[in-house]
Amino acid sequence: MPVPLFPTPATVRVPPNTHGRDIAVGDIHGAFSALQDALRAVTFDTRCDRLFALGDLVDRGPESPRVMDWLAQPWFHAICGNHDYMIWRAALGQPFDYIDHRLYGGEWLETLPEPEQQRIGARLAQLPVVIEVETPHGVVGLVHADCPFDDWQEMHRIDWRGLDGMSSFAAQCLWSVDRFRFRYTGLVRNIHAVVHGHTTISGVARLGNCHFIDTGGWRAGGHFTLLDLHRLQPLNSGIR
């Protein structure tokens, strides 16, 4: 099977939800039961609400193979994280050269029959790197790790073939921690807000108009933050 090295399409635009809530969640890492508990606590309604996952759906947690069931739900939308990228590269026969995914919680893949590995890999390879969600207050951009620009329009000019390396603008969207590490508060222009996962923190953080919401629901002592994308406020702050 031909192995795609970068996603097509890389960016997906999602129209407004006029009947319910749009909710974002950080890295899931195979902790789908815990996520289901968090959704139940905020009365998530699959008939009208939508959930947007910020990548890293798999690895580390015990339920990574359940990713296919979640991706089949019409109310569940997800972008590609660095773990998803490494897994689909490995599953489709062209492992990412820079990092051995098995050292970062990816050993579960090899416990599955090869046809199942390929099925999961092919589905994860379809995940976009960027989702733009239209909200009542403007477009909210979803990117796993970082937006490497101060102007969102530059995101539409990225050469996504650069994902095959580690230092390109494309790769920064999956791996970079620079904005958070340097506490950079500059605004990203031409977008209402940007929401990230990837960097695991104890509570949500905002730098300029960038929101970091991976509060470690996949690990002991953490919790899933569910961010209302229309109000840019957590629905469940304090839930652990």
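## A buried pair of rings

F96 and W175 are both buried, a word used here for residues under 20% relative accessible area, with exposed meaning over 50% and partly exposed anything in between (1.4 Å probe, protein chains only). The model is predicted, so local features need pLDDT of at least 70 and side-chain atom pairs count only at pLDDT 80 or more, while totals for chains, interfaces and linings use all residues. Residues are numbered from 1 along each chain as its sequence is written, and side-chain values use heavy atoms, with hydrogens and water left out.

## Aromatic rings

Rings of Phe, Tyr and Trp (its six-membered ring) count as a pair if their centres lie within 6.5 Å; planes under 30 degrees apart are stacked, over 60 edge-to-face and the rest tilted. The count comes to 12 aromatic pairs. One of them is the stacked pair of F96 and W175, with 5.1 Å centre to centre and 15° between the planes. F96 lies in the loop between α3 (82-91) and α4 (114-124) and W175 in helix α5 (residues 169-175), so this pair ties together parts that are 79 residues apart in sequence. Helices (H or I, at least four residues) and strands (E, at least two) are DSSP runs, numbered from the N terminus.

F149 and F169 make a tilted pair, 4.7 Å centre to centre with 55° between the planes. Here F149 is in the loop between β6 (138-143) and α5, and F169 is in helix α5, so the pair ties together parts 20 residues apart in sequence. F149 is buried, at 11% relative accessible area, whereas F169 is partly exposed at 45%. Elsewhere, ring pairs link F32, F44, W70, W75 and F76 into a cluster.

## Salt bridges

A salt bridge is a side-chain nitrogen of Lys or Arg within 4 Å of a carboxyl oxygen of Asp or Glu. The whole structure holds 17 salt bridges. Among them, E134 meets R13 at 3.3 Å, N to O. This pair links distant parts of the chain, 121 residues apart: E134 is in strand β5 (residues 130-135) and R13 in strand β1 (residues 11-14). E134 is partly exposed, at 25% relative accessible area, and R13 is partly exposed at 47%.

Other bridges sit within a helix. E116 and R119 meet at 3.1 Å, N to O, and both lie in helix α4, three residues apart, about one turn of the helix. D178 and R181 meet at 2.7 Å, N to O; both belong to helix α6 (residues 178-181), again three residues apart.
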